[in-house]
Amino acid sequence: MSSPTDEDGKRDDPSAYAPKWVRDSNRETSHESPSVGGDKFSQRSEQSFSENRPAADQARAHRPLDTTFTRDARVPPRAWSRRAETELPEGDEEPPLRMPRSLDPQFMKDPPRARRALGRLAAVGGLIIAASVGAAIALFATGKLPSGLNKMLGLSADNTTVASKLATDPSKTPEQAISTAAQPTITSTEQRPIGDDSARVTSARSAIERAPTIRGVTDNEIRLGISAPFTGSAKELGNQMRLGIETAFNLINQSGGIHGRQLRLVTADDGYEPMRAAETMKELYEKQQVFGFIGNVGTPTAVVALPYALERRTLFFGAFTGAGLLRRDPPDRYVFNYRASYAEETDAVVRYLVKMRGLRPEQIAVFAQQDAYGDSGFAGVAKAMRALRGGNEGTILRLDYQRNTLDVDDAVARLRAHKIPIKAIVMVGAYRSCAKFIEKTRDIYPGMIYTNVSFVGSTALADELMLLGPRYANGVIVTQVVPAVESYASTVLKYKTALAKYFPGVPPDYVSLEGYVVGSLLPEGLKRAGRQLDTEKLVEALEKVRGFDMGLGALISFGPTEHQGSHKVWGTQLNENGRYQAIDLE
């Protein structure tokens, strides 16, 4: 819109663009006080101005003049701009007497400092964001992110440990150095004393150094895993081993745990199958984040589980197996066994049969599972035979069956076809398969001596045989790696008391007793390793356990060259009532 000009081409008074009620007020002022506003306003009389006005305007013309209001209401010409002209529509109706803020001279003279306020708000927001990001980086460095976020980011306790080590390791590779340098640096626009910044850096570094992330270990808990059969033909072995370990852990946890940490057992069912064991080991290690493995059940599953643990330098403690693959010379650093080996069990029973029962070596056969478990037991018998024959092993009849089956017909047929009469069978199998073999041969060979290694599961075997009848159970021998559950040994009494407390109504069992011993022995090493726990410290602590008396009747000892705590073998024999009686094997 064009600006009105006078005859000389000069811009007219800017007040002409003011709202109508302001212009009217100016006219009134010029009539009553001509000195206000000078000669820039046309000189009109009040009467001539109000003749054609509404009654409200005429009444307003007779009000006393407020010179202050009208003086302030006039806008200095320098404050007007072309933009202001376009923003002032003409012909506005009269608003309330309160002056619009846009025409307030004070407002136009000193507008609010919006930019400065917004700048301060942006600075405060930036500081808040910087603090949040800094806290997140600190949590990332110390491995304290919530578990759900860790999983989403694909982080594990090991990853965070490695990350914290690389951050302070001067020998890291260029790729690692680039990765470290890529981490965002948080800066602040706020000035702080130099000492303040150095204190923050020192605090962050010390937090990382004093709180390393150890897999399966928190301030309140130590997680240990067990891969065992909880379903299938060998489920009783897994269930009883778990029961014994949990009984020991419960007793320790009630007393305050280990250095303030509770012991927690995480289970995974491998069904006594090697292929499934590969999956359960991975699940326990990667998903459950266990510190180590305790009480794994079985030799064929150990063939898969043991290498997995060793490759990751993870503890493999107290497995329920006497196989030689866990007893190498020199011993694997991370493998510790409580029990005697199958070779020691079979050697003890072969010597018993020859020296105590008067049999010849050729009258002894082996009924074995066709896998690493059976191979280990058969190797023990062969070793004992060589010792008894002056180095000559001779021919040993081996009767095989397939794991997780009850198909023993071929083994029975081969026994019957053998020319040399067999008077004793050393059995290296699972309880159901062994019971089935005894059932099918007892009537054919009434005087046969049946012996079993401890892995058979003494209680489960007795139950299976008693279902067949007392004559099938009577006289069956089982070698044990723990004292008889009917004994009054100190550890046995503690075990029975704890079992009745935490699992009321569950009867004592040889397998659960072994689990209890294993579950009590490992915490001894954990105590000696101290509060700042890791696998290497635990290994060193266990290797210093010498002559430890648990009340078993045999001392427990480990060392750098000895990772099997006990070599003791006990003998037991079933009576016609299905109860085990202790026998002397020597």
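## Basis and overall make-up

The model is predicted: local features need pLDDT of at least 70, side-chain atom pairs count only at pLDDT 80 or more, and totals for chains, interfaces and linings use all residues. Residues are numbered from 1 along each chain as its sequence is written, and side-chain values use heavy atoms, with hydrogens and water left out.

The protein has 23 helices and 12 strands. Both are DSSP runs numbered from the N terminus: helices are H or I with at least four residues, strands are E with at least two. Of the 586 residues, 45% are buried. Buried means under 20% relative accessible area, exposed means over 50%, and partly exposed lies in between, with a 1.4 Å probe and protein chains only. Take the contacts between residues at least 6 apart in sequence: 69% of them join residues at least 24 apart. A contact means heavy atoms within 4.5 Å.

## The parallel sheet

Five strands form an open sheet in the order β2-β1-β3-β4-β5, with parallel pairing. The edges are β2 (262-269) and β5 (335-336); each has a single partner strand, so one side of each is left without a neighbour in the sheet. Two strands count as paired if DSSP finds at least two bridges between them.

Strand β1 (residues 221-228) runs parallel to β2, and eight bridges join them. Within this pair, Ser227 stands opposite Ala268 in β2.

## Strand β11 and its partners

Strand β11 (residues 570-574) is largely enclosed by the rest of the structure, because four of its five residues are buried. Four bridges join β11 to strand β10 (residues 477-480), and the two run antiparallel. Here Thr479 stands opposite Gly571 in β11.

Strand β12 (residues 580-583) also runs antiparallel to β11, joined by four bridges. Thr572 has Ala582 in β12 as its bridge partner. β11 and β12 form a hairpin with five residues between them. In the turn, Gly578 has a positive phi of about 80°.

## Asn452

Asn452 lies in strand β9 (residues 449-452). Its relative accessibility is 2%, so Asn452 counts as buried. Leaving out residues up to four places away in sequence, Asn452 touches Met427, Cys434, Leu461, Val476, Ile477, Val478 and Thr479. Thr479 is also the residue opposite Gly571 in β11.

## Cavities

Four cavities of 30 Å³ or more are found. A cavity is a set of points, on a 1 Å grid over the protein atoms alone, where a 1.4 Å probe fits but cannot get out; lining residues have an atom within 4 Å of a point. Grid points are joined across faces, edges and corners, and a volume is the space filled by probe spheres set on the points. The largest cavity has a volume of about 50 Å³.

Its lining consists of Phe320, Ser454, Gly457, Ser458, Gln480, Val481, Val482, Tyr510, Val511 and Glu514. By class, five are nonpolar, four polar and one charged. Nonpolar covers Ala, Val, Leu, Ile, Met, Phe, Trp, Tyr, Cys and Pro; charged covers Asp, Glu, Lys and Arg; the others, Gly among them, are polar. Helix α22 (residues 510-529) gives the most to this lining, with three residues.

## Glu524 in helix α22

Glu524 sits in helix α22. It is buried, with a relative accessible area of 17%. Its side chain makes a polar contact with the side chain of Arg528 (3.0 Å). A polar contact is a pair of N or O atoms within 3.5 Å; within protein, one must be able to donate a hydrogen and the other to accept it, and residues adjacent in sequence count only if both atoms are side-chain atoms.

Definitions and conventions: On a 1 Å grid over the protein atoms alone, a cavity is a set of points where a 1.4 Å probe fits but cannot get out, and a pocket is an open set with protein on both sides within 12 Å along at least five of seven lines; lining residues have an atom within 4 Å of a point.
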